[in-house]
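Here is a short report for a reader new to this structure. Please look over the sequence and the model before reading on.

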Amino acid sequence: VIVDDEPDVLPMSRLALRGMRYRGRPLEILSACSAAEGYQVLKDHPETALVLLDVVMETDDAGLTLVKRIREELNNGLIRIILRTGQPGQAPEEKVILEYEINDYKAKTELTSRKLFVTVIASLRTYESLLVIEQSRQGLGRILAATSNLYRYASLQEFSSGVLTQINAILNVGADGVLCARSLRKMKKVPGKEFKIVAGTGQSVDLPMNGLPREHPFVELIDRAFECQSNFFEHPYDVLHFSTKSGYCFMIVVTPPWPLEEYQKDLLRVFCDRMASAFENLSLYQQLRSANEATVM
């Protein structure tokens, strides 16, 4: 977003950034001619990565006031803010850097096309890194919430459906999925028949519980996960694997709409580690309940 009241600044900036791509994607450049208008644009587009912000607009400190509104009212700590001013003496660099949460301060005369290109790329990289950290933090929070929620289920099928639901929540996307169980003691290789489908979501909800046709794409994926005892991510199919001390191996196949980012894969690995313990807890609970029912009888 470019916020500047000088009529020549926007077309010149667009010209300098014309054709620029980051990670294969073109830039979307929005603009505003005042701090008030800039605030509304940023409020409507909270996913904005970078704002190039003039200092002196409708007032001598309009840009500085907008910086505070972005950080405090919009509560946006991720967006990168670069101040650009044509009057450096109006807002001394040292004072502004110390008192305002900005990321860079440039005089308009020093921002040549080349320097603007470098500044924008560096800011996008920083924003991307901060975004991954924030999304990982939120994902770990969802894992903790998911684990506590799953402990409430008393049956394997309920638990498994809950696992698939929570995976979608962790990824923050909708994805078809299926969770299968297989005994580690059953080593006879009959593709598609040695595992049981415990739960499914989306288009996989109606798959047969006692096995799949050999030509179904999930069969090879699940067999590979069982043989390798590991996760693998090969969009459009991502396969998660974990085993329990009670002698069972669980495979989860999910089909997210796009390839997962590395931090999402890491979150799923952490989630699987937690799920192994949760399944053990469910198994112990069912054993205790069976023992109590036998005692009562």
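Which residues have the most contacts inside the largest nonpolar core? They are V163, I167, L179, F242 and I252, in a core of 27 residues. A nonpolar core is a set of buried Ala, Val, Leu, Ile, Met, Phe, Trp, Tyr and Cys residues joined through side-chain atoms within 4.5 Å. Buried means under 20% relative accessible area, with a 1.4 Å probe and protein chains only.

This is a predicted model: local features need pLDDT of at least 70, side-chain atom pairs need pLDDT 80 or more, and totals for chains, interfaces and linings use all residues. Numbering starts from 1 along each chain as its sequence is written, and side-chain values use heavy atoms, without hydrogens and water.

The protein chain has eight helices and twelve strands. These are DSSP runs, numbered from the N terminus: helices (H or I) have at least four residues, strands (E) at least two. Of its 297 residues, 45% count as buried.

The top contributor is α8, with nine residues. Beyond its neighbours within four places in sequence, F242 is in contact (heavy atoms within 4.5 Å) with residues including Y248, I252, M275 and F279. A second, separate core has 24 residues, including V3, I70, V96 and Y105.

S34 sits in the loop between β4 (31-32) and α2 (35-44). S34 counts as buried because its relative accessibility is 18%. A polar atom of its side chain lies 3.1 Å from the backbone nitrogen of E37.

How values were computed: Buried < 20%, exposed > 50% of the residue type's maximum accessible area, 1.4 Å probe, protein only. Polar contact = N/O pair within 3.5 Å; in protein donor to acceptor, adjacent residues only side chain to side chain.
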